[in-house]
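User: Could we go through this model together, one region at a time? I would like the terms made clear as we go.

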Amino acid sequence: MYKRLSAFVTIVMIFVLVVTGCTSQASNIGLARENDQNIVGTDFIVAEAGSYDSADTAVVLSSEPNSGSITFMNISTGKQYTLSYDGTTYVKDRYEGPMSMSQIKAGDIVDITFLRGKKKLASVQLSPQSWMYDNIENYDLGGMNKTVTIGSGTYSLSDQVVVLSDGRRVEVMDIVNKDILSFSGIDHEIYSISVQKGHGYLRLSNDQALIGGWIEVGNTTIRQITENMLLAVPEGSYQVSLSNGNASCLKEVTIERDKEVVLDVGDLEIKGDMTGKILFTVNPAEASVNVDGEAVDISQEVELTYGIHKISLEAEGYEPLTKYIQVGSAYASLSFTLEESEEEEEEKESSSESDKDNTDVTEVENAVTGNRVYIDGPQGVEVYLDGNYIGVSPVNFKKVTGSHTITLRKNGYQAKSYTIYLYDDGQDITYSFTDLEPEYYNSNTVSGNRSSSQKTTNSKDTVSGNTVSGNSVSDNNSGNTGRN
């Protein structure tokens, strides 16, 4: 009996050991299978917040908040690409502080990291190396060897420079010299330019009595009125003063970007010959003074008719000065101070000899050369040089050194202006511009339709008030002003 009981216990223990061993093995097998499910192939990258495999310094071209995407351009290669972003994308300012994606705008220079395969933006930061100048009016984009002057500084223009206007990418020559710009760059190289305030156009109608007279648009433009004139004017609201002898009027206009305003001046007031007496104070006292090209004696009051007059002052050892004044009261006094010349004659002579061997192209501002400028396209459009009508393309005119505004216009189409820079290089030059866009059109980058030309007929008023010290010449009138 005892033997049978011992055998039974032994059998039970063996059974327990077998069952326990199988269960442990099954458990281990199950755990192994569970671990197998967590194994990730070496060719797959887990897209965790902040993870990336690529980095760039780029210019922001555009941002689409609705689709959660942003388009960049590599500043070195010019390659463009679009990346998506979401709440896991880090956005930082130059000093590593937090920003929102809405604060990143087109034209910014940024340092970015991203997952190339997924086209996913991991982080974007305003580049600590970059700088930005806003609301710049004092600039010159026409330097030799692609140099740009901003104030007193000189910068180079990147081959990959991005120029943005009204949400669209444009060319450097689309900028007119009265546009207000922002610049972004690294060190002394400019990588992006944005037009913050552009220009529209002003045309006069029923202006026969004003031909040869003067137009003054706020403090931005003052120039002589020519037949079929079309002026590029910075966008904004202005008081426009027009005068020619005893005919004058005062108008109000609002200029919108890329739109044309037709100003009807048929309600001119023809006044009797009214004059005002001007007392000039000039430093140095020996300076000669010319009014409208004629010498005047400033030791006594100078009597001038109402309207705009050109004042020129010269003195040995001083820089010449040209100003425009508007006479609109019986009596006024004006003061002018000439600046001393910084160059001595001896320095001019020595530098001119040394420069002959070092300068390939000599730039002489507003010098008429023996060459010509040809405008070949688009054909059949009106062409204006610095606001003066010169004919219907194809057309040509004398080459005058310096910067000039070429405006193209055709009924039913949107006027377009370009800035060209001409040098005395002994060669003719030909331009062929892109076709004009219709006045009404839809665009993916510009919201709304362009409105057609509008006519402004504000109530008239005579030019009155105190004599105003006028602005410096702001339009270049050196071009051909008659029809070809």
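Analyst: Let us begin with a term: contact means heavy atoms within 4.5 Å. This is a predicted model, in which local features need pLDDT of at least 70 and side-chain atom pairs count only at pLDDT 80 or more, while totals for chains, interfaces and linings use all residues. Residues are numbered from 1 along each chain as its sequence is written, and side-chain values use heavy atoms, with hydrogens and water left out.

User: Good. Which residues is Val-91 in contact with, beyond its neighbours within four places in sequence?

Analyst: Val-91 is in contact with Gly-97, Pro-98, Met-99, Ser-100, Met-101, Ile-104 and Val-124, leaving aside those neighbours. Val-91 lies in strand β4 (residues 90–92); strands (E, at least two residues) and helices (H or I, at least four) are DSSP runs, numbered from the N terminus. Its C-alpha atom is separated by 5.8 Å from that of Gln-125, 34 residues apart along the chain.

User: Is Val-91 buried or exposed?

Analyst: Val-91 counts as buried because its relative accessibility is 11%. Buried means under 20% relative accessible area, exposed over 50%, and partly exposed in between, with a 1.4 Å probe and protein chains only.

User: And Ser-158, where is that found?

Analyst: Ser-158 is found in strand β10 (residues 153–165). With a relative accessibility of 3%, Ser-158 is counted as buried. Not counting residues up to four places away in sequence, Ser-158 touches Ile-75, Lys-146, Glu-189, Ile-190 and Tyr-191.

User: What does the side chain of Ser-158 reach?

Analyst: The Ser-158 side chain reaches the backbone nitrogen of Gln-160 at 3.0 Å.

User: Changing topic: which residues touch the most other members of the largest nonpolar core?

Analyst: They are Leu-202, Leu-204, Ile-215, Leu-242 and Leu-263, out of 20 residues in that core. A nonpolar core is a set of buried Ala, Val, Leu, Ile, Met, Phe, Trp, Tyr and Cys residues joined through side-chain atoms within 4.5 Å.

User: Which strands each supply at least two residues of this core?

Analyst: Those strands are β14 (199–205), β15 (214–217), β17 (230–234), β18 (236–244), β19 (247–255) and β20 (260–264). The largest share, four residues, comes from β19. There is also a second, separate core of 19 residues, which includes Ile-278, Val-289, Ala-332 and Leu-338.

User: What does Leu-202 touch, residues up to four places away in sequence not counted?

Analyst: With those residues not counted, the partners of Leu-202 include Ile-215, Val-217, Met-229, Leu-230 and Leu-263.

User: What about Asn-228, where is its place?

Analyst: Asn-228 has its place in the loop between β16 (221–224) and β17. The residue is partly exposed, since its relative accessible area is 26%. Asn-228 and Leu-204 are 24 residues apart in sequence, and their C-alpha atoms are 7.5 Å apart in space.

User: On to sheets. In what order do the three strands of the open sheet come?

Analyst: The order is β25-β22-β28, with mixed pairing. The edge strands, each pairing on one side only, are β25 (302–305) and β28 (331–337). Two strands pair if DSSP finds at least two bridges between them.

User: How many bridges join β22 to β28?

Analyst: Seven bridges join β22 (residues 275–283) to β28, and the two run parallel. Thr-337 in β28 is the bridge partner of Asn-283.

User: What is the peptide bond from Asn-283 to Pro-284?

Analyst: That bond is cis, with omega near 5 degrees. Pro-284 lies in the loop between β22 and β23 (288–291). The peptide bond from Ser-393 to Pro-394 is also cis, with omega near 5 degrees, and Pro-394 lies in the loop between β31 (388–392) and β32 (395–400).

User: Finally, in what sense do β30 and β31 pair?

Analyst: Strand β30 (residues 382–385) and β31 pair in the antiparallel sense over four bridges, and Val-392 in β31 is the bridge partner of Glu-382. Their hairpin has two residues between the strands, and Asp-386 takes a positive phi near 55 degrees there. Four bridges also join β30 to β33 (residues 402–409), and these strands run antiparallel. In β33, Thr-407 is the bridge partner of Tyr-384.

How values were computed. A polar contact is a pair of N or O atoms within 3.5 Å; within protein, one must be able to donate a hydrogen and the other to accept it, and residues adjacent in sequence count only if both atoms are side-chain atoms.
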